[in-house]
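Dear colleague,

Here is the structure we spoke about. My notes follow below it.

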Amino acid sequence: MKEVTEPSRAVPVMAETEVLVVGSGPAGLSAALAAAREGVDTMLVERHGCFGGNITQAMVGTIAWYRSERTVDAGGIGVEFERRALEMGAALDDPDGQGQLLDADMFKVVADRLVQEAGIVPVLHCFSVDAIMDEDAVQGVITESKSGRQAILARCVIDATGDADLAFQAGAPYSMLPKEKRMPASTTFGCSGVDVEEFLAYVHANPSRLSDWARKTSGKEDDLFSTWIAEPFKRAKDAGEIPADATLGGYWGGLTDAGEATNINVAHSLGVDTTDVWDLTKAEMEGRQKALWALEALKKYTPGFQKARLRSFNSSLGARESRRIVGEYVLTEHDVKNEARFADSIGIFPEFLDAYGEVIMPTTGRYFQVPYRIVLPQRVENLLVAGRSVSAEKVASSATRQMMCCTVTGQGAGVAASVSVRADVPCRRVSLPEVQKALARQGVRIE
Ligand SMILES: Cc1cc2nc3c(=O)[nH]c(=O)nc-3n(C[C@H](O)[C@H](O)[C@H](O)COP(=O)(O)OP(=O)(O)OC[C@H]3O[C@@H](n4cnc5c(N)ncnc54)[C@H](O)[C@@H]3O)c2cc1C
């Protein structure tokens, strides 16, 4: 590859903080809230103009669609997101389960409010582009923004970028499937002009079941209701109205009394590397085209959608999978499916898997504990990794990538970072009983 050499230069330090969280999805937002609530100086840096990650940027509001009557759920900040959103008119009942469907736009305000109340120092429109290292220890990050290239120094850094950007830059071991084998990236969209009553009558007359889309289940999932929709796209393809190879099919999301379908998730792009700018560009543009084909098919073949109009696209491509660190422990499929218990638990998550065609729903009350070591990278100090890039094998990652589980690893990392700063010990050597005590005080269920 052709290269140029940048001249070395001094970079101004824009801020110093005790805990720095990079990325503000369910994981990063939870991490920053948890750390700040423990009383340490906390800064939250986000490359886009709002906090929330996939919730606000990719219209992924279904934070607990898995929840059933017998689910033993994680407590803590994820459930607080649902409650605050409900109180602030930023949520609808999720038609897919017993959770709240967070509204992509209103949740931006919920996140602002939570950040302000916790006293977090917010930085939006700020891209973290490199790790500042002193041998194996992260000292902070280099950022790029309209203010130019600047540094932020921190005593402990939490990588919640979803892509493990910082862990990668710091030289932590990670794994990444070939892009052809990764889960798709998606373009979600919203519509107005939907006759909700007519659409729901159609849905109830033609109900979808989980077995309509999941290739592998434990059997008990098969007859559960699902907001899956695929028929209109098949009909439009069969009629030659849209390309036969367009990857369309998914969930119709939320509906409002104002005739809106708020987050239709049916347009997917396969083989996308979300750490590659060329792939991102292509998928953004192709995704919008696919969403328009989907809308065409919905209008023609779906009762209630005849007069639907596009109102919004996601503001950024919805990414599901890229780098995962290889941490001090790698969570396994066996752990998730066999109620694993760990002495270093930082929270629990129900026995719920959804990815690679396999779905296990938490209808039994079974759950596993989430070990601290999956947020702890090997080799690199002063760094924790939360969210979808925690240390997990492929199948186990279809549990850890779930937004509620991202809030568990985020809150655990945030509290651990605060304990590390206060005790002035590396994250690797924090007192686990102290971390667990603080998490319990914050409403997290550890056992
Ligand atoms: C279409 C779609 C549907 C989904 N459906 C569901 C569902 O129904 N239920 C569910 O639980 N999960 C679902 N998921 C998965 C879920 O959304 C993700 O796994 C989850 O959001 C990951 O959370 P996170 O905090 O790790 O990362 P993200 O939500 O991806 O947030 C990462 C944040 O970091 C920021 N960032 C990234 N790099 C940098 C950088 N270098 N500097 C500064 N900021 C940076 C990003 O802008 C973003 O705000 C879905 C995903 C998609 C795409």
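**What was found**

The protein has 12 helices and 22 strands. Please keep in mind that this is a predicted model.

Overall size and packing come first. The C-alpha trace spans about 65 × 55 × 40 Å along its principal axes. A compact globule of 447 residues would have a radius of gyration near 22 Å, and the protein has 21 Å, so the value agrees with that rule. Of the 447 residues, 53% count as buried. Among contacts between residues at least 6 apart in sequence, 71% join residues at least 24 apart.

**Domains**

The domain assignment gives domain 1 (13-176 + 323-441) and domain 2 (182-313). Their C-alpha centres lie 28 Å apart. The contact between them takes 18 residues from domain 1 and 20 residues from domain 2. On the domain 1 side, strand S20 (residues 358-360) gives the most, with 3 residues. By class, that side has 10 nonpolar, 3 polar and 5 charged residues.

**Ligand shell**

Which residues come nearest to the ligand? Of the 39 residues around the ligand, they are Gly23, Gly25, Gly53, Gly318 and Gly387. Two or more residues of the shell come from each of helix H1 (26-37), helix H2 (54-57), strand S6 (127-134), strand S10 (185-192) and helix H11 (403-423). The shell is made up of 14 nonpolar, 18 polar and 7 charged residues. Domain 1 and domain 2 each supply at least three residues to the shell around the ligand.

Helix H11 also holds arginine 422. Arginine 422 has 15 other C-beta atoms within 10 Å, and therefore counts as partly exposed. In sequence, arginine 422 and glycine 28 are 394 residues apart, while in space they are 20 Å apart, C-alpha to C-alpha.

Strand S6, one of the elements in the ligand shell, is joined by 7 bridges to strand S7 (residues 137-145), and the two run antiparallel. Aspartate 130 stands opposite isoleucine 142 in S7. The hairpin of S6 and S7 has 2 residues between the strands, and in this hairpin glutamate 135 takes a positive phi near 55°.

S7 then pairs onward with strand S8 (residues 148-159) through 6 bridges, again running antiparallel. S7 and S8 also form a hairpin, with 2 residues between them. Threonine 143 stands opposite glutamine 150 in S8.

Strands of a sheet pair through backbone hydrogen bonds, either parallel or antiparallel. Here, 5 strands form an open sheet in the order S13-S14-S15-S10-S16, and the pairing is antiparallel. Strand S13 (228-229) and strand S16 (309-313) stand at the edges; each has a single partner strand, so one side of each is left without a neighbour in the sheet. S10 and S16 are joined by 4 bridges and run antiparallel. Cysteine 191 stands opposite leucine 310 in S16. S10 is also one of the elements that give two or more residues to the ligand shell.

Threonine 256 is placed in the loop between strand S14 (248-251) and strand S15 (261-269). Is threonine 256 buried or partly exposed? With 14 C-beta neighbours inside 10 Å, threonine 256 counts as partly exposed. Leaving aside residues up to four places away in sequence, threonine 256 touches Leu92 and Thr262. Threonine 256 and proline 377 are 121 residues apart in sequence, and their C-alpha atoms are 43 Å apart in space.

**Strands S18 and S21**

Strand S18 (residues 345-350) is mostly covered, with 6 of its 6 residues buried. S18 is joined by 4 bridges to strand S21 (residues 367-371), and the two run antiparallel. Within this pair, phenylalanine 349 has phenylalanine 368 in S21 as its bridge partner.

Regards

Technical notes: Residues numbered from 1 in each chain as written. Predicted model: local features only at pLDDT ≥ 70, side-chain atom pairs only at ≥ 80, totals over all residues. Buried ≥ 20, exposed ≤ 12 C-beta atoms within 10 Å, placed from the backbone. Contact = placed C-beta atoms within 7 Å. Domains from an automatic or database assignment. Nonpolar A, V, L, I, M, F, W, Y, C, P; charged D, E, K, R; others polar. Near = placed C-beta within 6 Å. Pairing = 2+ DSSP bridges. Rg over C-alpha atoms; globule rule 2.2 N^0.38 Å.
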